[in-house]
Amino acid sequence: LLQIPTPILSRTFQELGSGVKNFSTANQISSTPVPFPYAQMLVLMLCGHWIMTPLVAAHYLRSAFLSAIACLFVVSGYWSFLFIACQLDQPFGNDANDLELLKIMERFNENLKVLTEEKVQNPPIHKN
């Protein structure tokens, strides 16, 4: 079949095994969602924060303009963290921020095809 030295063939099977392990890990990540009560409690706490932040900012900052700016940045920052976490929770799919699994698999297959090329069949000769 393939006339290649044993160390190179062994390395090939090692890489294939690593790919299967990484695929299994990715599958496990995609099938384990964030617990629903945790997500709901997080949204509830953010809503409480959204209500309380202007009150606290108005008390400590004497300027209405500074209070509004501080509230805008702090509250929108925390809500942005929530939305980023929601995107990271589902890394697979067709959204703009998802991993491109088809391209990753095509690149992996192209790397495997390189092993069948004529140049790769003969190891290099080292001269001392």
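Trp50, Ile51, Met52, Leu55, Val56, Tyr60, Leu61, Phe65, Leu66, Ile69, Leu72 and Phe73 together form a nonpolar patch on the surface, with about 1,300 Å² of accessible area. Helix H2 (36-60) and helix H3 (64-89) are the elements that give two or more residues to this patch, and H2 gives the most, with 6 residues. The model is predicted, so local features need pLDDT of at least 70 and side-chain atom pairs count only at pLDDT 80 or more, while totals for chains, interfaces and linings use all residues. Residues are numbered from 1 along each chain as its sequence is written, and side-chain values use heavy atoms, with hydrogens and water left out.

**How the patch is defined**

- Patches are made of residues with over 30% relative accessible area and no salt bridge, like charges being joined within 9 Å and nonpolar side chains (Val, Leu, Ile, Met, Phe, Trp, Tyr) within 5 Å.
- Accessible areas come from the Shrake-Rupley method with a 1.4 Å probe, and for residues only the protein chains shown count as cover.
- Phe65, one of the patch residues, has its place in helix H3 and is exposed, with a relative accessible area of 59% (buried means under 20% relative accessible area, exposed over 50%, and partly exposed in between, with a 1.4 Å probe and protein chains only).

**Overall form**

- The protein has 5 helices and 0 strands (helices, H or I of at least four residues, and strands, E of at least two, are DSSP runs numbered from the N terminus), and read along the sequence it follows the pattern α-α-α-α-α.
- The radius of gyration of the protein is 26 Å, well over the 14 Å that the globule rule gives for 128 residues, so the protein is more spread out than a compact globule (the radius is taken over C-alpha atoms, and the rule is 2.2 Å times the number of residues to the power 0.38).
- Along its principal axes, the C-alpha trace of the protein spans about 80 × 40 × 25 Å.
- Of the 128 residues, 10% count as buried, and the accessible surface of the protein comes to about 11,000 Å², of which 67% belongs to carbon and sulfur atoms.
- Among contacts (heavy atoms within 4.5 Å) with a separation of 6 or more, residues 24 or more positions apart account for 60%.

- H3 has 26 residues and reaches 37 Å from its first C-alpha to its last, close to the 38 Å expected at 1.5 Å a residue (the expected span is 1.5 Å times one less than the number of residues).
- The buried residues of H3 are Ser67, Cys71, Val75, Trp79 and Leu82, and these buried residues pack against H2.
- On the H2 side, Thr53 lies in helix H2 and is buried, with a relative accessible area of 13%; not counting residues up to four places away in sequence, Thr53 touches Cys71 and Val75.
- The C-alpha atoms of Thr53 and Ala68, 15 residues apart along the chain, are separated by 9.8 Å.
- Cys86, whose place is also in helix H3, is partly exposed, with a relative accessible area of 45%, and the C-alpha atoms of Cys86 and Glu110, 24 residues apart along the chain, are separated by 33 Å.

**Salt bridges**

- A search of the whole structure finds 2 salt bridges, a salt bridge being a side-chain nitrogen of Lys or Arg within 4 Å of a carboxyl oxygen of Asp or Glu.
- The side chains of Glu15 and Arg11 meet in a salt bridge, at 3.0 Å from N to O; being 4 residues apart in helix H1 (residues 6-31), Glu15 and Arg11 are separated by about one helical turn.
- Glu15 is partly exposed, with a relative accessible area of 36%, and Arg11 is partly exposed as well, with a relative accessible area of 47%.
- Glu100 forms a salt bridge with Lys103, the closest N and O atoms being 3.3 Å apart, and Glu100 is partly exposed, with a relative accessible area of 46%.
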